[in-house]
Structure formats: structure tokens, C-alpha cells
Amino acid sequence: MLLEVRNLNVTLDKEKIVENLSFQVAAGEILTIMGPNGAGKSVLLKTLLGFLPYEGDIVWHQKMKIGYLPQGLNQLKVKDFPLTVQDFFALKNFIPSSGEIIKFLHLVGLGKDTLSKTAGSLSGGQFQRMLVAWVLISHPDVIFFDEPTTGIDIGGGETIYSLLHTIQEKEKLTIFLVTHDLHIVYKHSTSVLCLSRKGYNCFGAPKEILNTKTLEKIFGTEIKFYEHH
Amino acid sequence: MTFQFILTIISGIFISGVAGYLGTLMLSKKMSVVAGPLAHLALPGVALALIYGFSISLGAFPFVILGAFLIWLLEKRTKLPMENLAAIIFASGVGTALLILPIDQAEEALVGNITGITLPETIVTIILSILVFYTIKKIYQKMMLMNIYEDLAAVEGVNISLYNLLYLLSIAIVVALGVYLVGGLITAALIAIPAASAKNVSKDLRFYKISAVALGIISAISGIFIARFINFPTGPLVIISGVVLFLFSVIFRKRSF
């Protein structure tokens with residue numbers, strides 16, 4: 001077991017965001033965290049990262065290096081700014097060599113020429129790929145991936161999720177993924193954690209969780225999910 | 001060339017160089033405007049200095065540093081954006097200054113007094129400029145990361161609160177020095193203009209930083225020389241030189257990104 005969370009409670013501004021949450025994650029798993037807006041998905045990730053105060057137990061069984069791709073890391077922030085991709089990698093704690101950066105750009109399907117382009121001139125999909133490489137270059141054991149822009153076409157017939165899946169197999173990573181996309185949950189995750197606004201939560205294998213009854217409990221409205229075979 | 005003129009040129013170079021460097025960071029945080037309010041906050045200090053007859057920088061420093069510290073504290077407490085808080089601080093500065101500033105001697109406060117700088121003041125200016133330059137260099141990469149996304153910096157282990165404080169103190173010192181060179185009203189321009197011009201002509205971070213420092217220094221030197229020959233106040237001419245360079249940078253703007 002890599003991570004054990006027991007009776008986790010997070011209260012922000014006197015409002016209970018996460019209530020009595022317990023779950024476990026083993027090494028090499030892909031845990032998907034789902035739930036409606038405001039259910040506390042991002043808050044949970046930030047709590048696990050140690051940014052927020054909490055009650056209960058969060059036990060990492062080994063010392064883990066966590067990579068984090070936050071929600072809403074918008075390309076607009078670097079639009080028109082004189083910041084090349086190489087400059088962007090140099091903002092990390094250690095400054096990776098050009099060779100190292102090229103290796104990781106290659107891993108996410110970007111060419112060598114990307115290095116000298118400005119981050120703002122990349123397409124939306126290339127920018128997302130570049131961010132994945134940016135996170136991977138620190139050699140994390142665990143990656144937190146908070147809702148990559150849904151539906152973004154990152155090109156080559158690949159979604160950001162299948163890219164992550166490929167990398168996860170290659171690099172033996174554990175991935176925490178926040179998403180709304182139920183089909184992604186079904187296709188790519190080993191276990192699912194669901195959060196709702198009413199304090200109801202559930203944890204289990206995708207097959208156990210993804211049925212109309214549970215989904216109604218989480219999202220409130222009637223949602224139908226058709227299993228893929 | 002008199003000794004006084006040499007002191008003026010030297011302190012002008014140091015102040016404008018470090019202001020240009022700082023500006024590149026402030027522009028990335030879309031915070032160039034913050035320098036303005038902080039400089040206005042120097043005005044009550046300058047007013048006190050004029051009334052009691054001591055050096056204007058001595059008057060400006062405590063007020064600007066206090067302002068920076070207040071912004072830092074309020075930002076931590078209220079989570080309001082820094083530029084918003086700076087606007088509040090600005091109003092208090094100008095308001096207080098208008099109450100006590102002796103209007104007939106106000107020129108020094110408004111357009112600076114670099115041509116009257118003394119040797120000890122020049123030495124202090126050089127030391128502070130180097131100190132701030134080094135501090136900005138140290139925090140630069142991580143501040144840039146914070147500007148792009150704060151949580152990303154937190155994961156990289158950046159002490160965000162400490163970095164913000166160092167950053168604001170650097171701004172405060174540069175602003176107080178800037179009040180010397182160009183006065184309390186247009187200090188923000190000393191910080192904002194070189195960075196804006198540099199951004200127009202740069203494609204990568206290194207060139208952006210170097211050109212901002214260079215453009216800042218060029219505008220200071222040309223402003224000081226022109227002022228000497230046509231016998232006009234120095235501060236405004238330094239800023240106007242900067243604006244002319246900015247117009248050139250618009251013409252030569254890189255279109256490749």
C-alpha cells in the first residue's frame with residue numbers, strides 16, 4: 001500500500017468540504033477522483049499535497065515525490081511573454097540540461113524544435129503535452145493530474161489520458177486523476193473515488209461504482225452510463 | 001564635467017539599471033502599476049523631509065517600506081489582489097502628502113533631485129542597488145513560476161510568503177531610489193517602460209532581462225545629458241527618453257511569436 005487515508009475531514013472557512021473520507025491507493029494504480037463541481041476534488045488533492053489543514057490520517061508509506069499538474073494552468077498566463085520552452089523548464093528547482101529536456105519532450109511526442117519556441121506560441125495541445133513533460137522531468141513517483149482541459153485535442157489521435165496511460169506503464173507511476181469524463185474513468189482507472197456535495201462518498205473498482213444508482217447519488221440528477229465492452 | 005555631474009550619472013545608471021531589471025519581473029506579474037502607488041506613498045515622507053530639512057530619501061524609505069509591508073500583510077489576510085491593495089495604500093499616501101506637503105517646495109518631491117545628489121547618498125545608492133539586484137536575481141525564477149501558477153511553485157517547495165515579502169521589499173527600495181532620480185509621480189515609468197520595450201524585442205527570458213537593464217540605463221544617461229544641455233529638470237527627461245526608446249521598440253517588434 002502506498003497511501004492510506006482514514007476519516008479525513010477538511011474544513012475551509014467553516015464549511016465542511018471533505019467529510020469522513022477513507023481510501024487506499026497501491027503503487028502503480030490509477031485512482032480517478034470524480035464528482036460534481038464543488039464536491040472537493042481539487043481540495044482533496046491540495047490536502048494530500050500538504051497545502052491545507054485537515055483532521056484524520058493521511059499516511060504515505062514511503063517518501064513520495066509528487067508531481068502536480070493543477071487545474072486551470074492556463075496558457076494565457078504565458079501568452080506573448082518572452083519565455084521559451086527551455087526557459088520554462090529552467091523555472092524548476094533544478095535546471096535540467098537541454099538533452100534531458102529533449103528526452104522528455106520526445107516522451108510526450110514533441111520534437112526537438114519545441115525547445116526554442118516560446119511557450120505562448122505552442123498550440124493548446126502542445127502546451128498540455130509540454131506541461132506533462134515538465135512534471136515528469138522531476139522523476140515523480142506519483143502524479144496528481146487535476147482536470148486537464150476536457151476535450152482538448154492534443155493531436156495524433158491521442159487524448160491526454162491515453163498519453164498518461166502510456167507513460168504510466170513506461171515509468172511505473174501512480175496517478176491520481178480528477179475528471180468529469182465517465183468514459184475515461186471506466187477505460188483508464190484501477191479504482192474510483194467519488195465525492196458529492198452532500199458528504200456522501202464512495203470508493204471501489206470502476207465496475208462497482210459506475211452504475212446509474214451510485215451516479216445519481218453523487219451527481220444528484222439522473223445520469224445514465226452505458227458500459228463499454 | 002564636474003564631480004557632481006559624475007555622481008549624478010553614476011547613481012542614475014545604478015537606479016535605472018536595477019529598476020529595469022525589477023520591471024521585467026513586475027511586468028510578468030502584471031504588477032507594474034503597483035510601483036506607482038508605492039512611489040506616491042513616498043510623498044508624505046518627502047514632505048516631512050522638506051519641512052524638517054533632511055534628505056528626501058531618508059524621508060521616503062520608511063514610508064515606502066511600511067507600505068510594502070502593509071500590502072504584504074493585507075494580501076495574506078484578505079487575499080485581495082496586490083494591485084488592489086496598492087491602490088488603497090496609494091490613496092492614503094497622496095492624501096496625507098496633500099495635507100502636509102509645502103506646495104511651493106514641491107518640485108523636488110514631484111520630479112526628483114538627482115542632480116543634487118551627494119557623495120554619501122551616491123554610495124548608499126550603489127550599495128542598495130547591488131543588494132536589490134542580487135536579491136531579485138535570487139528570487140527571479142521562482143517568482144516567475146509563482147506568476148504563472150502559484151500552486152506549481154508550492155509543489156517545487158517555494159516559500160511563497162517569504163518570496164513575496166522579499167519581492168515587495170525590493171520594489172520598495174527601487175521605488176525609494178527612483179524617487180531620487182525622477183520624483184514621486186513618475187517612478188512607476190522608470191520600472192515599467194524598459195520592461196515593456198524589452199518585451200517587444202525579446203523572444204527569450206535572458207535577452208528580455210538584459211535588454212530591459214540596458215534600455216533603462218540608456219534612458220537615464222541620455223535624460224541626464226539632455227537635461228544638462230537644455231537646462232531642464234532631469235527626471236521628466238529620463239522618462240521621455242524611455243518613452244522614445246519604447247516607440248522604437250514598437251516599430252522593431254518581433255512578430256515571430
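Helices here are DSSP runs of H or I at least four residues long, and strands are E runs of at least two.

**View 1. Chain B is built from helices.** By that rule, chain B of this predicted model has 11 helices and zero strands. Follow the sequence of chain B and the pattern reads α-α-α-α-α-α-α-α-α-α-α.

**View 2. The overall size of chain B fits a compact globule.** A compact globule with 257 residues would have a radius of gyration near 18 Å. Chain B has 18 Å, so the two agree. Along the principal axes, the C-alpha atoms of chain B fill a box of roughly 50 × 40 × 30 Å.

**View 3. Burial and contacts in chain B.** Of its 257 residues, 53% count as buried. Now take the contacts between residues at least 6 apart in the sequence of chain B. Of these contacts, 76% join residues at least 24 apart.

**View 4. The largest nonpolar core holds 146 residues.** Three residues have the most contacts inside this core: Ala42(B), Val64(B) and Val175(B). Helix α8 of chain B, residues 160–182, gives the most to the core, with 13 residues. Chain A takes part too: its domain 1 (1–64 + 141–160 + 173–229) and its domain 2 (74–139) each supply at least three residues.

**View 5. A close look at Val64(B).** Which residues does Val64(B) touch, leaving out those up to four places away in sequence? Its partners are Leu38(B), Leu41(B), Ala42(B), Ala172(B), Val175(B) and Ala176(B). Two of these partners, Ala42(B) and Val175(B), are named with Val64(B) as having the most contacts inside the core.

Conventions:
Residues are numbered from 1 along each chain as its sequence is written. Chains are lettered from A and ligands numbered from 1 in the order in which they are written. This is a predicted model: local features need pLDDT of at least 70, side-chain atom pairs count only at pLDDT 80 or more; totals for chains, interfaces and linings use all residues. The radius of gyration is taken over C-alpha atoms; the globule rule is 2.2 Å times the number of residues to the power 0.38. A residue is buried if 20 or more other C-beta atoms lie within 10 Å of its own, exposed if 12 or fewer, and partly exposed in between; C-beta atoms are placed from the backbone. Two residues are in contact if their C-beta atoms, placed from the backbone, lie within 7 Å. A nonpolar core is a set of buried Ala, Val, Leu, Ile, Met, Phe, Trp, Tyr and Cys residues joined through C-beta atoms within 7 Å. Domain bounds come from an automatic or database domain assignment.
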